[in-house]
Amino acid sequence: MSRKRRAKQLLALDGRETMIQQTVRRLLPLAPAKHFWVITNHDLRRELGRQLPRLSQRQIIAEPVGRNTAPAVGLAAFLLLRKDPAALIGMFPSDHVIEGDSQYRELVRRGIEIARSGENIVALGVRPTRAETGYGYIEAGTAISPGVLRVRRFTEKPDRANARKFLEAGNYYWNSGMFLWSVRTLAQALSEHLPKTAAILQQIAAAYGTNRFDRTFARLYPQCENISIDYAVLEPRSARGEQSSGIFCLPADCGWKDLGSWTALHEHHVAKRRAKDGNLISGAGTFTLDAENNYIHAPGKFVAAVGVNNLVVVETEDALLVTTREQAQDVGKVVKYLDEKKLHKLV
């Protein structure tokens with residue numbers, strides 16, 4: 001019987017609190033706990049309930065199967081549309097580090113005002129520091145006021161050549177995955193750009209609170225398209241042009257880091273520990289010689305790194321990952337391969 005790995009959101013990667021606990025604590029001053037919803041999977045639901053005791057089990061919804069961010073946030077929108085049609089909804093991934101909580105909350109408050117003022121979509125963008133291929137990018141257009149930019153287009157995970165062009169252009173931001181919109185705006189956008197899935201989500205939402213919900217959810221949700229909100233809504237909506245799309249970018253200068261990749265995790269902890277050689281090595285003893293900027297995770301093993309640079313090496317109970325920091329984002333291709341080969345216990 002294989003031991004299930006814990007998702008990064010359930011780990012304390014940046015202090016005593018887990019990533020999901022940090023996310024909820026950071027946002028609690030903006031809304032009461034009863035207004036929080038967590039979309040997750042069955043394997044994580046019980047542990048999330050333990051880590052977030054202020055949320056009821058009804059607020060933690062476990063997907064029967066993973067269907068990416070468009071169906072997940074879409075379900076939340078259609079549920080809220082029935083309960084409170086005037087509500088606003090924010091989408092906040094739980095693998096982020098935010099160093100300036102107060103500054104961040106002020107940014108979110110500003111985004112709420114813009115989202116409330118019309119059929120607007122607000123994206124929080126982060127000024128890029130490297131030609132990262134693992135993030136989506138936001139091309140910013142004209143400023144409508146200080147710190148509020150119209151959006152020209154979204155580009156999902158470019159190749160390295162385009163990522164370098166975006167970095168050099170100066171008007172591109174990393175797409176943080178944090179968005180604000182009214183539930184009406186999001187529901188209408190999904191109905192326009194993803195009509196089949198929107199119709200399914202409406203049926204599921206209609207069953208919420210009844211004894212039919214679990215069966216309806218399990219039967220219909222797998223029929224939803226497996227697609228991110230970026231591809232499903234933001235890219236086609238931004239194609240209308242910056243004057244017509246109603247999409248705005250707020251640059252998030254609040255110490256944002258996405259710990260969803262090994263490269264980002266390495267950079268974050270090296271900066272915190274001020275490691276001069278750039279090595280972040282966890283093991284039962286270490287030795288380094290002419291080795292720099294490596295991330296090596298081998299708990300219980302003695303680790304010797306000799307003459308190697310910019311490597312990512314991660315050992316788990318039944319697998320070993322070896323890559324470079326530059327190509328660490330390609331780990332998703334390994335996950336896809338394992339899924340295709342039905343090697344689910346290794347994912």
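Guide: Let us begin with phenylalanine 78, which has its place in helix H3, residues 69-83. Helices (H or I, at least four residues) and strands (E, at least two) are DSSP runs, numbered from the N terminus. The model is a predicted one, in which local features need pLDDT of at least 70 and side-chain atom pairs count only at pLDDT 80 or more, while totals for chains, interfaces and linings use all residues. Residues are numbered from 1 along each chain as its sequence is written, and side-chain values use heavy atoms, with hydrogens and water left out.

Phenylalanine 78 counts as buried because its relative accessibility is 3%; buried means under 20% relative accessible area, exposed means over 50%, and partly exposed lies in between (1.4 Å probe, protein chains only). Leaving aside neighbours within four places in sequence, phenylalanine 78 is in contact with Ala187, Leu190, Ser191, Ala198, Leu201, Gln202 and Ala205, where contact means heavy atoms within 4.5 Å.

Beyond four places in sequence, the contacts of asparagine 175 include Leu124, Tyr137 and Phe154.

Strand S8 runs antiparallel to strand S3, and 4 bridges join them; two strands pair if DSSP finds at least two bridges between them. Within this pairing, isoleucine 89 stands opposite tryptophan 181 in S8. In a regular strand the side chains alternate between the two faces of the sheet. Strand S3, residues 88-91, has a covered face made of Ile89 and Met91, and an uncovered face made of Leu88 and Gly90.

Charged pairs come next. The structure holds 12 salt bridges, each being a side-chain nitrogen of Lys or Arg within 4 Å of a carboxyl oxygen of Asp or Glu. In one of them, arginine 25 and aspartate 101 bring their closest N and O atoms to 3.0 Å. Arginine 25 lies in helix H1 (residues 19-27) and aspartate 101 in helix H4 (residues 101-116), so this pair ties together parts that are 76 residues apart in sequence. Arginine 25 is partly exposed at 35% relative accessibility, whereas aspartate 101 is buried at 18%.

Another salt bridge joins glutamate 192 to arginine 237, with closest N and O atoms 3.4 Å apart. Since glutamate 192 belongs to helix H6 (residues 183-193) and arginine 237 to helix H9 (residues 229-238), the pair ties together parts that are 45 residues apart in sequence. Here glutamate 192 is partly exposed, with a relative accessible area of 44%, while arginine 237 is buried at 6%. Salt bridges with shared partners also join Glu17, Arg25, Arg26 and Asp101 into one network.
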